[in-house]
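Let's take a walk through this fold, one piece at a time.

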Amino acid sequence: MNNKIIIINGPNLNLLGEREQSQYGSITFDELEEICIKKSNELGLDMKFVHSNIEGELVNLIQQSINKFDGIIINAAAFTHTSIAIRDALDVFKKPIIEVHISNIYKREDFRHKSLISAVVTGIICGLGINGYILAINSMHEILLNEN
């Protein structure tokens, strides 16, 4: 049976390719999804790729993932720095979670230096562009292999 993972994307990531290309590059959100699907398929992972601009919807997705998925990859975007609700939902998941950021949050504005979710995730990848998603998928695959 294939492991199932979900990649959860937060606010404004649907605008990839349009916004701040110096921070986020020129690849669109749809192109990122295609890249993640291809990589997941290569590794034999069943992957769902989702996005929401709404905090409560992200909390619902995380809660619904508890009994459906073996791991979460999350780019909570701006909610990384503000959402205790997302942090608390992730804390209940109790399976591998990888936090991803396209840009290096520590080279940006001071308010972006603090991640409220980092303390409850398995690992963090930031500052490597969309390649961070590929690294997260690879890492999640390895983590899940080692668990089985």
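In β5, the bridge partner of Val100 is Ile125. Before going on, a word on what you're looking at: this is a predicted model, where local features need pLDDT of at least 70 and side-chain atom pairs count only at pLDDT 80 or more, while totals for chains, interfaces and linings use all residues. Residues are numbered from 1 along each chain as its sequence is written, and side-chain values use heavy atoms, with hydrogens and water left out.

Back to that bridge. Strand β4 (residues 97–101) pairs with β5 in the parallel sense, over four bridges. Strands here are DSSP runs of E, at least two residues long, and helices are runs of H or I with at least four, both numbered from the N terminus; two strands pair if DSSP finds at least two bridges between them. Zoom out and you'll see an open sheet of five strands with parallel pairing, in the order β2-β1-β3-β4-β5. Its edge strands, β2 (46–51) and β5 (123–126), each pair on one side only. On average, neighbouring strands of this sheet are turned by 15° against each other, direction ignored. For angles like this, axes are lines fitted to C-alpha atoms, for helices over the stretch in contact, and the angles run from 0 to 180 degrees between N-to-C directions.

Now slide over to β1. Six bridges tie it to β2 in parallel, with Lys4 partnered by Asp46 of β2. Five bridges, again parallel, join β1 to β3, and there Ile5 has Gly71 as its partner. Is β1 buried or exposed? Five of its six residues are buried, so the strand is largely enclosed by the rest of the structure. (Buried means under 20% relative accessible area, exposed over 50% and partly exposed in between, with a 1.4 Å probe and protein chains only.)

Next, the helices. Helix α5 (residues 131–147) lies across β1 (4–9), β2, β3, β4 and β5, and runs at about 170° to β4. Helix α4 (residues 84–93) lies across β3 (71–75) and β4, at about 160° to β3. Contact means heavy atoms within 4.5 Å.

How do α3 and α4 sit, and what is the angle at which their axes cross? The axes of α3 (residues 55–65) and α4 come within 9 Å and cross at roughly 5°. That makes α3 roughly parallel to α4, since angles under 35 degrees count as roughly parallel, over 145 as roughly antiparallel, 65 to 115 as roughly perpendicular and the rest as oblique. On the α3 side, Glu55, Leu58, Val59, Ile62 and Ser65 meet Ala85, Ile86, Ala89, Leu90 and Phe93 of α4. These contact residues divide into eight nonpolar, one polar and one charged. (Ala, Val, Leu, Ile, Met, Phe, Trp, Tyr, Cys and Pro count as nonpolar, Asp, Glu, Lys and Arg as charged, and the others, Gly among them, as polar.)

Finally, step back to the whole chain. Its five helices and five strands run β-α-α-β-α-β-α-β-β-α from the N terminus on. Buried residues make up 47% of the 148. Among contacts between residues at least 6 apart in sequence, 77% join residues at least 24 apart.
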